[in-house]
Amino acid sequence: MVPENRVDSGEFEGWYTWPEEPFEHDTAGPFYFRVDDQGPVAAFRAQRKHMNAGGVVHGGCLMAFADFSLFAIAHEQIEGEYGVTVAFNSEFLSGPPEGAYIEARGEVLRAGRSIIFVRGIITGNGKACLNFSGTIMRRPKSH
């Protein structure tokens, strides 16, 4: 996993990002995460670039955010290592509108030596929009 970087200003001040992940940070996101009194949480604000022609957040964007969220939820188990997604499942429940506060919460179901199982749900303005689960394989960092 790449080092965490704390956000210094704006709506997500005090949250963290992984700017070394250009797709999640620059292209699809930026996506953010932190740990609060309820546990790990990931979030972003839906912008025009996230929308589909139907006026809701594109399913591919929600899936990319869910993949980011797997790692945010499991960040303590991956600390100091690198991980890759080896399995991912999702079900679409609703489409959040532009401007919505998109949030993901979940839990680590099991963390073994090399495999971590995670599940979660994404909400848009508090309404469930995507259920997801995935498997992360720990990998040694290569430089």
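1. Lys49 counts as partly exposed, at 45% relative accessibility. Partly exposed means between the buried limit (under 20% relative accessible area) and the exposed limit (over 50%), with a 1.4 Å probe and protein chains only. Lys49 sits in the loop between β4 (39–45) and α2 (59–73). Helices (H or I, at least four residues) and strands (E, at least two) are DSSP runs, numbered from the N terminus.

2. A note on the basis. This is a predicted model: local features need pLDDT of at least 70, side-chain atom pairs count only at pLDDT 80 or more, and totals for chains, interfaces and linings use all residues. Residues are numbered from 1 along each chain as its sequence is written, and side-chain values use heavy atoms, without hydrogens and water.

3. What does Lys49 touch? Leaving aside neighbours within four places in sequence, Lys49 is in contact (heavy atoms within 4.5 Å) with Asp26, Thr27, Ala28, Gly29 and Pro30. The side chain of Lys49 reaches the backbone oxygen of Gly29 at 2.5 Å. Thr27 and Lys49 are 22 residues apart in sequence, with 9.2 Å from C-alpha to C-alpha.

4. Now the rings. The whole structure holds twelve aromatic pairs. Rings of Phe, Tyr and Trp (its six-membered ring) pair if their centres lie within 6.5 Å; planes under 30 degrees apart are stacked, over 60 edge-to-face, the rest tilted. Phe12 and Tyr32 have ring centres 4.3 Å apart and planes at 10°, so they are stacked. Phe12 lies in the loop between β1 (5–6) and β2 (16–17) and Tyr32 in strand β3 (residues 32–36), so this pair ties together parts 20 residues apart in sequence. Both Phe12 and Tyr32 are buried.

5. Phe12 also pairs with Tyr101: the centres are 6.4 Å apart and the planes at 15°, so this pair is stacked. Tyr101 belongs to strand β6 (residues 101–111), 89 residues from Phe12. Phe12 has a relative accessible area of 5% and is buried; Tyr101, at 22%, is partly exposed.

6. Ring pairs also join Tyr16, Trp18, Phe31, Phe33, Phe44, Phe65 and Phe68 into a cluster.

7. Last, the cores. A nonpolar core is a set of buried Ala, Val, Leu, Ile, Met, Phe, Trp, Tyr and Cys residues joined through side-chain atoms within 4.5 Å. The largest has 31 residues, and those with the most contacts inside it are Phe65, Phe68, Ile102, Ile122, Phe132 and Ile136. Two or more residues each come from β4, α2, β6, β7 (115–124) and β8 (127–139). The largest share, ten residues, is from α2. Apart from this core lies another, of six residues, including Val7, Phe12, Tyr32 and Val41.

Key: Polar contact = N/O pair within 3.5 Å; in protein donor to acceptor, adjacent residues only side chain to side chain.
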